[in-house]
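Colleague: I am new to reading structures, and I would like to learn with an example on the screen. Please take me through one feature at a time.

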Amino acid sequence: MKVNIEKYNPYWVNLFANESNNIKRILGDELHSIHHIGSTSIPHISAKPIIDIMPIVNNIDNVDKYNLAFEEFDYDMHGEYGIVNRRYFTKLDKETNKKLYHVHLYDRKDDKNIIRHLAFRDFLIEFPEVAKEYEDLKMTLINKYCGDKEKYVNGKNEFVKMTEKLAINWYLQKKITDYNSYQK
C-alpha cells in the first residue's frame, strides 16, 4: 500500500468539524469530548489527507452497541486494533476507495493514550520548528521509499517516540502550571 502526502489544507479543519457532528449524533450522551489529532490537526505541515478523530467516551465498554450506527455512517469497525480498550473505525470515500477518516475511541479514564495524542499534537503546534522537522522527515521518507507504507511508518517511528516523550513531559508540566495559575 502506498502512502500519499499532501500540502497542508485548511479545509481539513472543516472535514473534522463536519464528521465530528456525525460522531456526536452516533454517540449522544456517551460522548465526553472529541478531538482532531494527527498531522492534519497541525497547521502548515504536509500530511496524509486522512482526518484522525479521537472521541473520548464515558465508558469504552458501551461503544460496541453503537457499531450499527457507525455502519449507517459508512464506517468499518476494527475493534481494538492492537491497542487494548480502544475502538478503531475507518471510513472510505465511496468514489475513490481512499481512507477519509480514522476514528480512535478511548475511555475518558485512559489518560495514557489520550494525553499521548493530545500532547504530541499540542507540542507540534506550540513548536513549529519541530513540526517542520517532522514534515521534512515525512517528505524524505516518502521520496526515499516511493510511498511504501511500512517503510514510511518504520522510518518515522524513532522521531515520533522521541518527540512523544518530550511532548508528554511538556504537556503535563504545562497542565500543572496552568492549574497553579488558576489556583492563585
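Predicted model: local features only at pLDDT ≥ 70, side-chain atom pairs only at ≥ 80, totals over all residues.

Colleague: Thanks! Where is the place of Asp93?

Modeller: For that we need helices and strands, which are DSSP runs numbered from the N terminus (helices are H or I with at least four residues, strands are E with at least two). Asp93 sits in the loop between strand 4 and strand 5, the latter covering 99-107.

Colleague: And which residues is Asp93 in contact with, leaving aside neighbours within four places in sequence?

Modeller: A contact means heavy atoms within 4.5 Å. With those neighbours set aside, Asp93 is in contact with Lys98 and Leu100.

Colleague: Let's step back. How many helices and strands are in the protein?

Modeller: There are five of each, helices and strands. Along the sequence they follow the pattern α-β-β-α-β-β-β-α-α-α. The protein's radius of gyration is 17 Å, close to the 16 Å that the globule rule gives for 184 residues, so it is as compact as a globular protein of that length. That radius is taken over C-alpha atoms, and the rule is 2.2 Å times the number of residues to the power 0.38. Along the principal axes, the C-alpha atoms fill a box of roughly 55 × 40 × 30 Å.

Colleague: What can I say about the inside and the surface?

Modeller: Of the 184 residues, 42% are buried. Among contacts with a separation of 6 or more, 61% join residues 24 or more positions apart.

Colleague: What share of the accessible surface belongs to carbon and sulfur atoms?

Modeller: Accessible areas come from the Shrake-Rupley method with a 1.4 Å probe, and for residues only the protein chains shown count as cover. Here the accessible surface is about 10800 Å², and carbon and sulfur atoms hold 51% of it.

Colleague: Now the aromatic rings, please. How is a pair described?

Modeller: A pair of aromatic rings is described by the distance of the centres and the angle of the planes. Rings of Phe, Tyr and Trp (its six-membered ring) pair if their centres lie within 6.5 Å; planes under 30 degrees apart count as stacked, over 60 as edge-to-face and the rest as tilted. By this rule there are 10 aromatic pairs. In one of them, the ring centres of Phe70 and Tyr75 are 5.5 Å apart and the planes stand at 85°, so the pair is edge-to-face. The rings of Phe123 and Phe127 have centres 4.8 Å apart and planes at 45°, so that pair is tilted.

Colleague: Which residues other than glycine have a positive phi?

Modeller: Two to look at are His44 and Asp74: phi is about 75° in His44 and near 70° in Asp74. His44 lies in the loop between strand 1 (31-37) and strand 2 (51-57), and it is exposed at 66% relative accessibility. Asp74 is in the loop between helix 2 (67-72) and strand 3 (75-77), and it is partly exposed at 34%.

Colleague: Last one: where is Lys156 placed, and is it buried or exposed?

Modeller: Lys156 belongs to helix 5 (residues 149-183) and is buried, with a relative accessible area of 13%. Not counting residues up to four places away in sequence, Lys156 touches Tyr134, Leu137, Lys138 and Leu141.

Key. Residues numbered from 1 in each chain as written. Heavy atoms only, no water. Buried < 20%, exposed > 50% of the residue type's maximum accessible area, 1.4 Å probe, protein only.
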